[in-house]
Amino acid sequence: MIRVAVVDDERLVRSGLRMILGTAPDIEMVADCGGAEAVETVLRAAAEVVLLDIRMPDVDGLTVLRRLRAAPDPPAVAMLTTFDAQEYLTAALREGAAGFLLKDSDPEQLVRAVRTLAAGGSVLDPGVTRAVIGGYLTAEDQAAAARAVSGLTPRESQVLALLGEGLGNAGIADRMGLAPSTVKDHVRALLAKLGGINRIQAAIVADRAGLVTGAPRGTG
């Protein structure tokens, strides 16, 4: 079972997400709360995946994200956002967010996203993909991305391109005909070569370096 927690200041949003995700046979909702008690609640519940509101009045989502990512065994965190919160996206990405989902995402998309996050993948809702990519890397960063990618082996470049599609290790292994453990080693190596970035940052680098022909897929 995938252990999921939802952090949002609106009780109605938490209730709706709990109802949607609770229908999936492989997902267990272990906690839902507001921002003030989020870190303690999420860590105590040992959540593997957290859906976190990016803007909250008591303790903002970026602060919660930063504290969760500093935990010894941090969960995968996807930010719940709206179209008017784009100024927060780049900051959340730099703090280690594993994805971005709109609050009005389709229920099936939410379930797929949770499964992708639990499998080590990244998620980008199509509605925010361009905003995330456009806001994260400047022209100078784009040139740096191309230089960094040039130092990867052909196989690492292929893995990076698949990361750019939002695939987790299992999906990459299936696409390339490799063992998941081998893919894990390749991912670890290329993330280190790219400066110790995370998977979703690597997906954006892949896009800016021209390795991805289309936009990264919303749920991998």
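User: Which residues of α8 are buried?

Analyst: They are E156, S157, V159, L160, A161, L162, L163 and G164. Buried means under 20% relative accessible area, exposed over 50%, and partly exposed in between, with a 1.4 Å probe and protein chains only. The model is predicted, so local features need pLDDT of at least 70 and side-chain atom pairs count only at pLDDT 80 or more, whereas totals for chains, interfaces and linings use all residues. Residues are numbered from 1 along each chain as its sequence is written, and side-chain values use heavy atoms, with hydrogens and water left out.

User: What makes helix α8 largely enclosed by the rest of the structure?

Analyst: Eight of the 11 residues of helix α8 (residues 154-164) are buried, so the helix is largely enclosed. Helices (H or I, at least four residues) and strands (E, at least two) are DSSP runs, numbered from the N terminus. After α8 comes G166, with a positive phi near 90 degrees.

User: Why is H186 called buried?

Analyst: Its relative accessible area is 19%, and the cut-off for buried is under 20%; H186 is therefore buried. H186 is located in helix α10 (residues 180-193). Not counting residues up to four places away in sequence, H186 touches R155, E156, V159 and L178, where contact means heavy atoms within 4.5 Å.

User: Why is A46 described as partly exposed?

Analyst: A46 has a relative accessible area of 45%. Partly exposed is the class between buried and exposed, so A46 belongs there. This residue is in the loop between α2 (38-44) and β3 (49-53), and its phi is near 55 degrees, a positive value in a residue other than glycine.

User: How do you know that the largest pocket lies between domain 1 and domain 2?

Analyst: Domain 1 (2-134) and domain 2 (138-209) both give residues to its lining, so the pocket lies between them. The domain bounds come from an automatic or database domain assignment. A pocket is an open set of points on a 1 Å grid over the protein atoms alone, where a 1.4 Å probe fits, with protein on both sides within 12 Å along at least five of seven lines; lining residues have an atom within 4 Å of a point.

User: What is the volume of the largest pocket, and which residues are closest to its centre?

Analyst: The volume is about 220 Å³. Of the 14 lining residues, A76, A98, G120, G121 and R199 are the closest to the centre. Both α5 (107-118) and α11 (199-208) supply at least two residues of the lining.

Terms used: Grid points are joined across faces, edges and corners, and a volume is the space filled by probe spheres set on the points.
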